[in-house]
Every structure is written in structure tokens, then in C-alpha cells.
Amino acid sequence: MESVLPDRPCHARTGALLHDALSRAVVDRVLTAPAGPQDRQMIAGNPSLPPDVVALLAADPDPEVRWHIARRADLGPVERRALVTDPEPDVRRMVARHRDLDHDELRVLAADPDPKVRLSVSLHPTWTEEERAAIDYEVPLDEPFCFYPERLDPRDPEAVRRDALSGHPMLRREAARERTLPPDLVTRLAADDDLGVRVLLAQNQPDVPAALLLRSFLEYTGPERAHLVTRPNFPTDGLAAHADDEDPAVRALAARDPGTPPAAVARLTRDPEPAVRAAFARHPNLPPSLLAELLDDEELAHHAAANPALAEGTLRALVGALPVS
């Protein structure tokens, strides 16, 4: 209601325009005398917006307003048809996700000049696999392939299976994130030819092969790469083979291998990369004489003090040297 809506831009006004049920008087005031330049954008996504205002904002001169309208689940056919040919690619890309698109709208979007629009509409659930394959979409490889929290509402298992068996890599990526994938689909997606599918599977499945975890770490260099080494099945044996890799993160893997030779461990405590030096200062195969030296090294002393190969007498001496608070 107008009586409780702040008359100036603030968090309370933003929250109300985005989420609260809005009276017609509030909607009309936003349209005629907005308190800030983003007021129309905010109400454009509000579920309580009347249909006539949805239709009005679908033709708003601000593309951000039209983008928010294109996200609405209650978009009418007239507004939807107009947004399918909107001049802004981002608006067309958003409306391409609308589940109620008819065949003509799908066909227009599938031939859109913008590759992101074609990619968005290629994921539409009404396509057959043959129709989907005929769309000239481009699969991005520069996206982050990360760990995702488990869904509060699990997807239908049959829908997940369809995605996992699809010829579209983006649908297989979506399936790879599901925690409840049956073993046959885990095996299938672990051998997928798309990097994103393999890494998302490795990042999110509770039980994946050690070989996939290692391969994913070696091939993927994007955000949350380090999360892969925290997975329960990440291997340790055999990682010494990567001690001379050009990638510092891969060289550091050898510090996880209990069989890395002492000479390699000693050499890598002098690696150009600080994280590699720190990792190997903790390795139990570090020669005792060098371990003693590192306890006096300003940079590596704390890491060396965590080395499990420290003798009991050395540990007691270190504890005894701690300042008393």
C-alpha cells in the first residue's frame, strides 16, 4: 500500500517492489512518478503485477525492464511474441527459456543471429533430439565447472536420464550435477567427450572414479579447481609422476603421494612457486637434514613444523620455545 511504501530509494522500498503484493495505486505511482530509475525494473518481476501492466512493460524502452518481463512465468502470448523479436539479444535469450513457446516462436529463435539466443532455445524441452541437433548452437567452454549445493527439490529421475542421454552437452552438464545419478549414468558421463560434463560430474557426484578426478584436475583450470582434490576418491599413489609438470598446481599434487622420492621432495621445497614449496615442506619424505634447516626458514618454518616426520624431541623443543601468554 502507498501508506507503507517508502517514498525514496532504500532497501525497504526495493524489497517491497520486488516481492510484496502491490496495490494498483503503488503500481500506477511507479509508472507515473518513480522514486528511482530502477523502480520499473523491480516491479517487472513482481508476481502480483496486473496483466495489463505486464503487457505495457513488455514494450518498455528500457531493455532491462523487458528482460525482467521476459523472465515471467505468466507471460501472455502477445507479449511473448513481441519479445521473441526484441531488438536486444539478452531479452530474446531470456524469453527463449519460456516453456510455453509455440512452434513458430521456437523456429524464429532457433534461427536467431545471436549464438547465445540459439544456445538458449536449443535447451527447450519440446525439441526432439533430431530437431535440437539441427540448431546451430555453440557450447561455451569458458564457464566455471563448480560444485553446486544439492537441490532442495530433486528433479524427476526420468527427466535427468533424458538429459544424461541427450546429444546436447549443456543438458548432459545439467544431469552431471545431480547427486542421485544411477551408476550406469555415472559411468557413461565419466567417459563423456565434453570437458564440462566430466568436471561437473567429478565436482558434484558423491562417488566417482579416482581416474576421473585426476583427469578433471589436469584438464580443468577454472574456478574451484582445488575442490577436486578434496573429493574422497582423489588418488594419492602415482602422483609423483607429475613432479616436473609445467603447471605449479599439478606439481603440487606430487606432495600428496607418499611415494615421492626424497630427492624430488627436497628439490621442490625450492620451487619457484610458494604454494609448491609449502606443500613439500610438509612431506614426510623430506630428508631430515633439510627438514631441520626449514624449521629456521622464515617462509617455510610453519609448514615444516607440521611435517609428520618430525622427531618427538624436535616437537617438544618447538613446543617449549613457544611464548607463554
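Predicted model: local features only at pLDDT ≥ 70, side-chain atom pairs only at ≥ 80, totals over all residues.
Residues are numbered from 1 along each chain as its sequence is written, and side-chain values use heavy atoms, with hydrogens and water left out. Local features require pLDDT of at least 70 and side-chain atom pairs pLDDT 80 or more, while totals for chains, interfaces and linings use all residues.

Helix H14 spans residues 195-204 and helix H15 residues 210-219; helices here are DSSP runs of H or I with at least four residues, numbered from the N terminus. Their axes come within 9 Å and cross at roughly 125 degrees, the axes being lines fitted to C-alpha atoms over the stretch in contact and the angle running from 0 to 180 degrees between N-to-C directions. H14 is therefore oblique to H15, a class left over once angles under 35 degrees (roughly parallel), over 145 (roughly antiparallel) and 65 to 115 (roughly perpendicular) are set aside. The contact (heavy atoms within 4.5 Å) involves Leu195, Arg198, Val199, Leu201 and Ala202 of H14, and Leu212, Leu213, Arg215, Ser216 and Glu219 of H15.

Arginine 173 belongs to helix H12, residues 169-176. Its relative accessibility is 3%, so arginine 173 counts as buried (under 20% relative accessible area; exposed is over 50% and partly exposed in between, with a 1.4 Å probe and protein chains only). Not counting residues up to four places away in sequence, arginine 173 touches several residues, including Asp194, Gly196, Val197 and Leu200.

Glutamate 129, in helix H10 (residues 129-133), is by contrast partly exposed, at 33% relative accessible area. Beyond four places in sequence, glutamate 129 touches Ser166, Gly167 and His168.

Notes:
Helix = DSSP H or I, 4+ residues; strand = E, 2+ residues; numbered from the N terminus.
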